[in-house]
Amino acid sequence: MIPATTLGRQPAPPSTWQHELAGAITDPEALARALDLDPALFAAAAPAGELFALRVPLSFVSRMRRGDPTDPLLLQVMPLAAELLERAGFGSDPLAEHAAFRAPGLLQKYHGRALLIASGACAVNCRYCFRREFPYSEQLGSGALSQALDTIALDPGIEEVILSGGDPLSLSNARLRAITGRLAQIPHIRRLRVHTRLPVVLPSRVDAGLTDWLRHLPWPVAVVLHSNHGNEIDDSVRAACARLREAGATLLNQAVLLRGVNDSVAALSSLSQRLFAAGVVPYYLHLLDRVRGVAHFEVPEERAQRLVGELASTLSGYLVPRLVREVPGGPAKIPLGAQFAPWKM
């Protein structure tokens, strides 16, 4: 058993990023007015928001096009009437994660690595989130983290830990240090991965304390960002990515293919090129996970394969993300081959 230690629960003075997070927009009408849009365009936002709340930092709102109700960043966060429609095949646990729990807050889907739900909080509530109905309160109760870490310690087959959530970077630097301090006591851990959207939606989160934490970790670290559209990547995001790279992190990106947001060769190409210019490798392009309320975002698999085929015919291979689908109970994410248009020799 890992000896119990204090896990960074002492309150600390709020930092700049924490002030920004506290000031996130949570009211659909306020978001519409901030973008010079008529709130009547989003009449169903209130009931949809009751099912899954709106939350978006002002730094992300600043990158949206004013006066455009179809802005691709806005569509990712604004509650819409389509979320209220029931669709066959869409449910509360699309990846059957309940069957993968090893301990409260600890999921193991694939050999050799385990996913630690470090936090239930996010800086932004993405409307397509496959964990929008995840029972965080059940999985993050008192003693859950210690139990999860003890489970990892007792299983030498787990060589990689993935910090996920929610978003693990919603935790304070002290809390992150405490968690990885406990992990550092486990000799069979060889790699750490951090899945996060905060450096994209709230770049100020990548502060000196965070980079110092990364710099002193005892393992190679991959920070897997989540960006879906090139307009998300501005100077502040590029600077945050530079700070992460300087701290020794390898940066990867996983995107979700979303109808009306990035389902075009132009959008996907721009995203890959802007990511790479920021020092981030385009890694995965996920087909939508079929959680309840997100059917309006779905892109058919055959069309997704054609899009990636067109992308591969115009970009260098290292700029083309792998198109994948996650299948409940599968041994790994399932790669989906690109479809290429016929050509003449």
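How many residues line the largest pocket, and which lie nearest its centre? The lining takes in 47 residues, with Phe130, Arg131, Ser164, His195 and Gln254 nearest the centre. Keep in mind that this is a predicted model, where local features need pLDDT of at least 70, side-chain atom pairs count only at pLDDT 80 or more, and totals for chains, interfaces and linings use all residues. Residues are numbered from 1 along each chain as its sequence is written, and side-chain values use heavy atoms, with hydrogens and water left out.

**The pocket**
- The largest pocket holds about 1,000 Å³ of space.
- A pocket here is an open set of points on a 1 Å grid over the protein atoms alone, with protein on both sides within 12 Å along at least five of seven lines; lining residues have an atom within 4 Å of a point.
- Points are joined across faces, edges and corners, and a volume is the space filled by probe spheres set on them.
- Elements giving two or more residues to this lining include strand S2 (106–110), strand S5 (191–196) and strand S9 (322–325).
- S2 gives the most, with 4 residues. (Strands are DSSP E runs of at least two residues and helices are H or I runs of at least four, numbered from the N terminus.)

**The cavities**
- There are 2 cavities of 30 Å³ or more, a cavity being a set of points where a 1.4 Å probe fits but cannot get out.
- The largest cavity has about 70 Å³ of space.
- Among the residues lining the largest cavity are Asn253, Leu275, Pro282, Tyr283 and Tyr284.
- S7, H12 and strand S8 (281–286) each give two or more residues to that lining.

**Asparagine 253**
- Asparagine 253 sits in strand S7 (residues 250–256).
- Its relative accessible area is 2%, so asparagine 253 is buried (buried is under 20%, exposed over 50%, partly exposed in between, with a 1.4 Å probe and protein chains only).
- Beyond four places in sequence, asparagine 253 touches residues including Leu225, His226, Val280 and Val281; contact means heavy atoms within 4.5 Å.

**Glutamine 147**
- Glutamine 147 lies in helix H7 (residues 144–153) and counts as partly exposed because its relative accessibility is 41%.
- Setting aside neighbours within four places in sequence, glutamine 147 contacts Ala103 and Pro104.
- Alanine 103 is 44 residues away along the chain, yet its C-alpha atom is 6.7 Å from that of glutamine 147.
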